[in-house]
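Here is a short note for someone opening this model for the first time. Please keep the sequence and the 3D view side by side while reading.

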Amino acid sequence: MNNVIEAHGLSKRYGRTVAVDNIDLQISAGKIVGLIGPNGAGKTTALKAILGLATYDGDLSVLGKSPARDRATLMEDVCFIADVAVLPRWIRVWQLLELTEKIHPKFSREKCLKYLSTTKVTLEHRVKQLSKGMVTQLHLAIVMAIDVKLLVLDEPTLGLDILYRKQFYTNLLNDYFDEQRTIVITTHQVEEVEHILSDLIFIKEGRIALDCTMDDVQEQYTELMVAPDKAATARELKPLYERVLFGRHIFLFKNANREQLKELGELHTPSVADLFVATMNGGES
Amino acid sequence: MNRLLALVKREFWENKGAFRTTPLVIGGIHLAAMLMFIITFSHFDNEFQSLKELIRFIAQQDTELRSQILYAANLESSVIFSMVLAFVVFFYLLGSLYDDRKDRSILFWKSLPASDTLTITSKLFAAMVVAPLIFWIIYVITHIVIMLLFSVVVLSLGENPWTLFLSLGNPFEAWGLVLTSYFTQSIWALPLYGWLMLVSAFAPRIPLLFAVLPPVILGVLELWIDFLKTFTLSDNLFGLFGRWFANSPLIMSGDMHENDGFGAALGIPITHEFDHHVTVANMFDRLFSTDMLISLAITAVFLGATLWLRRRATES
């Protein structure tokens with residue numbers, strides 16, 4: 001099994017609503033995948049299925065195991081922070097570390113303490129005494145100290161200040177990530193993860209709207225900025241999406257002839273955020 | 001095994017107040033009452049005359065009667081501990097699979113490689129073994145401290161505590177019986193424990209309501225239907241529950257025995273299926289009964305449903 005996550009026809013319904021609609025997905029080792037979609041698109045539902053937290057229809061295998069059946073053993077090689085996850089409020093930090101150490105064979109106390117030393121969290125603190133940001137720091141420190149093959153982060157940096165967010169992603173990339181590991185991140189702060197992602201998956205209304213590598217994005221997508229008088233010409237070239245900024249028209253093209261576009265105006269590589277907006281508002285990409 | 005121990009430790013840490021502070025407070029109340037008793041005597045007459053007379057009066061009584069009273073007292077002094085323990089375990093189990101769903105820390109626990117079966121096992125183990133053991137230890141310590149205190153008082157009043165009461169009863173026997181009754185009660189109470197865990201895993205809110213209301217409604221309906229059919233109030237869920245309670249192997253009341261005077265009793269001596277004398281054999285009788293077999297079957301169903309629900313607790 002080369003793929004860390006492999007899904008065929010993955011679906012999940014809650015009563016009449018279809019949260020995840022027949023998704024096919026392959027994620028291989030050594031990737032950092034951004035899973036991006038608007039609220040209610042089915043990101044969290046898909047992740048829950050992958051983590052064995054919810055039942056599902058279709059075939060799904062994570063590290064060669066069935067998450068629905070083998071959650072406990074799967075969790076030896078998978079770690080996650082759920083978007084609404086909270087640490088138990090009654091627990092003291094040292095108790096939390098001791099429990100994690102005893103239950104998780106791949107947890108390193110030293111690493112965790114090293115990450116914690118950059119925060120204001122002490123071992124004697126109770127979780128309920130910590131601020132929201134500190135709890136997140138604690139949770140991230142624990143997760144980064146666990147040596148797993150797949151790390152799933154659902155909105156991991158909610159409530160953290162920008163300094164710590166930057167530091168976290170730097171740590172994630174420098175200390176944590178390597179060829180054997182896979183990281184799946186969902187976040188609304190796309191700009192912050194953009195530069196560390198290797199792959200991009202957009203989810204829209206329970207379906208995958210885009211699944212490509214970041215290199216593909218650079219190769220295939222072009223943003224063209226033109227003055228209003230050239231807008232009509234640009235529009236004829238069938239852009240995916242058009243928006244207006246400070247009186248200039250910005251078009252997003254896929255697999256366009258760059259030479260041809262260059263004559264009309266300035267070319268850029270679109271940011272993930274722009275691509276996201278275009279994909280969500282436009283049609284098929 | 002290590003994981004199970006770690007999970008049991010977590011239960012202890014989370015419930016320190018209920019499991020450890022509560023019995024300590026009960027022990028403290030016992031000691032405070034004892035001290036108040038002594039102070040009261042010293043307050044009304046400085047020379048402890050009345051207390052002295054009381055002790056002399058006791059010393060003059062028949063040895064057989066004294067040892068009987070002592071034996072009963074040794075056992076009965078566990079009753080408050082036992083009753084509070086029952087409450088503690090009841091509410092512990094009721095919250096055991098509910099609290100982490102409510103505060104969503106379940107998502108953290110589920111991110112650790114511990115199966116739901118192991119989690120449920122650890123909680124049941126905490127209820128059946130950890131809580132009773134801690135209560136028992138503190139009961140024994142309280143008992144020892146009170147005996148020491150009383151011996152000192154008796155000694156200081158010029159009487160011999162050994163002949164007065166220490167030599168008349170073997171406290172180890174009482175402690176052993178109480179511990180055995182705690183563990184047999186843990187097994188006897190399994191259907192209740194299973195039910196409480198099931199409710200705890202199921203209740204969307206206010207588990208207490210979900211635990212109590214269904215059996216009460218069912219019981220009342222049964223009563224009513226029985227009444228309509230036969231104009232009698234015969235066997236029904238309430239009766240069943242009452243019998244279960246009265247047949248408990250826990251030392252919780254006293255009884256007059258025909259041949260050997262009075263003593264403590266297992267459960268409440270109003271039923272006749274089991275002998276209510278406080279003996280290990282009588283406790284085990286309850287465990288090796290058809291009633292218990294049916295109870296275990298019911299427990300298995302409850303716990304199976306609990307596991308099923310726990311697996312799906314993060315569904316939405």
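**Notes on domains, contacts and cores**

1. In chain A, the centres of domain 1 and domain 2, taken over C-alpha atoms, are separated by 30 Å. Domain 1 of chain A covers 3–88 + 147–205, and domain 2 of chain A covers 216–281. These bounds come from an automatic or database domain assignment.

2. A word on the basis. This is a predicted model, where local features need pLDDT of at least 70, side-chain atom pairs count only at pLDDT 80 or more, and totals for chains, interfaces and linings use all residues. Residues are numbered from 1 along each chain as its sequence is written, while chains are lettered from A and ligands numbered from 1 in the order in which they are written.

3. Which elements carry the side of domain 1 of chain A that touches domain 2 of chain A? Helix 7 (190–193) and strand 8 (199–204) of chain A each supply at least two residues. Helices (H or I, at least four residues) and strands (E, at least two) are DSSP runs, numbered from the N terminus. Strand 8 of chain A gives the largest share, 3 residues.

4. Now the chain pair. Chain A puts 26 residues into the contact and chain B puts in 22 residues. Two residues are in contact if their C-beta atoms, placed from the backbone, lie within 7 Å. On the chain A side, helix 2 (71–74), strand 5 (78–81) and helix 3 (93–103) each give two or more residues. Helix 3 of chain A gives the most, with 5 residues.

5. In the contact, 16 residues of domain 1 of chain B meet 17 residues of domain 2 of chain B. Helix 4 (63–76), helix 5 (79–96) and helix 8 (116–156) of chain B each give two or more residues to the domain 1 side.

6. Finally, the cores. A nonpolar core is a set of buried Ala, Val, Leu, Ile, Met, Phe, Trp, Tyr and Cys residues joined through C-beta atoms within 7 Å. Buried means that 20 or more other C-beta atoms lie within 10 Å of a residue's own, with C-beta atoms placed from the backbone. The largest nonpolar core has 92 residues, and A:Ile50 and A:Ala141 are among those with the most contacts inside it. Helix 5 (residues 132–144) of chain A gives this core the most, 7 residues. A second, separate core has 53 residues, including B:Tyr71 and B:Ile251.

Technical notes:
Buried ≥ 20, exposed ≤ 12 C-beta atoms within 10 Å, placed from the backbone.
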